[in-house]
Amino acid sequence: MHRFVTIATTALLMLAGVDPVPGAEGPWSGRTVLVTGANRGLGLEFARQLSAAGATVIGTARSPQEATELAALGARVEQLDVTDPNSVAALADRLAGTPLDALLNNAGWFGDRGGFEDFDPEVARREYDVKCLGPLRVT
C-alpha cells in the first residue's frame, strides 16, 4: 500500500509541476507550502516530496507532538483542527507575516464504514465538517 501511495503522490505532484528528484532545482525551490493533515498518509507523503523538491513545508496536525515523521523531514509542525474555528484562527495568528506560496488542503477523516443499515448521521456530519467545511475555514 505504501508503494501505491508513493507512486500516486508522485504522479499528482508531477502534474502540479513538482520535480520528484530530491535536491533538484525545481519550481518549488524557495517556496513555502502549508499542508494540512500532514502527519500521516497522503499529507505526509505530500510534505516529504515537496520538501525533497526544495519547498519549505509547514505541516499541520491535530496533535503535533505525535507528528514525529513530519518533524523529521525538517518541516515546521503546527497544530490545527480544521473543524474548530478557534484552532484555524490561532494558526492564522501564528502564521501572520509568513508568506505562503501554496496551500494543500489535505486534512481528512474517515469514520467507520458499514452497510446502509449501519449509517450513522453523526459520522456523516463529522466527515462533511472535516472534508467540506474544513478547507473553507482554512482557505
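1. A nonpolar core is here a set of buried Ala, Val, Leu, Ile, Met, Phe, Trp, Tyr and Cys residues joined through side-chain atoms within 4.5 Å, where buried means under 20% relative accessible area, exposed means over 50% and partly exposed lies in between, with a 1.4 Å probe and protein chains only. In soluble globular proteins, nonpolar side chains tend to be buried together.

2. Because this is a predicted model, local features need pLDDT of at least 70 and side-chain atom pairs count only at pLDDT 80 or more, while totals for chains, interfaces and linings use all residues. Residues are numbered from 1 along each chain as its sequence is written, and side-chain values use heavy atoms, with hydrogens and water left out.

3. The secondary structure comes to five helices and four strands, which follow the pattern α-β-α-β-α-β-α-β-α when read along the sequence; helices (H or I, at least four residues) and strands (E, at least two) are DSSP runs numbered from the N terminus. Of the 139 residues in the protein, 34% are buried. Among contacts (heavy atoms within 4.5 Å) between residues at least 6 apart in sequence, 54% join residues at least 24 apart.

4. Helix α2 covers residues 41-52, and its twelve residues should span 16 Å at 1.5 Å a residue, which agrees with the 17 Å between its end C-alpha atoms; the expected span is 1.5 Å times one less than the number of residues. The buried residues of α2 are Gly-43, Leu-44, Glu-45, Phe-46, Ala-47, Gln-49 and Leu-50. Just after this helix, Gly-54 takes a positive phi of about 100°.

5. Helix α5 (residues 121-138) has 18 residues that should span 26 Å, and its end C-alpha atoms are 24 Å apart, which agrees. At the start of α5, a side-chain oxygen of Asp-120 reaches to within 2.9 Å of the backbone nitrogen of Glu-122. A kink of about 35° lies at Cys-132, shortly before Pro-135, the bend being the angle between axes fitted to the seven residues ending at a residue and the seven starting there. The cover over the buried residues of α5 includes α4 (85-95) and β4 (102-104).

6. Asp-129 lies in α5 and is buried, with a relative accessible area of 11%. Leaving out residues up to four places away in sequence, Asp-129 touches Thr-83, Gly-134 and Arg-137.

7. Glu-78, found in strand β3 (residues 76-79), is buried as well, with a relative accessible area of 10%. A polar contact of 2.8 Å joins the side chains of Glu-78 and Arg-76; such a contact is a pair of N or O atoms within 3.5 Å, in which, within protein, one must be able to donate a hydrogen and the other to accept it, and residues adjacent in sequence count only if both atoms are side-chain atoms. Not counting residues up to four places away in sequence, Glu-78 touches Ile-58, Gly-59, Thr-60, Ala-61, Pro-64, Leu-91 and Arg-94.
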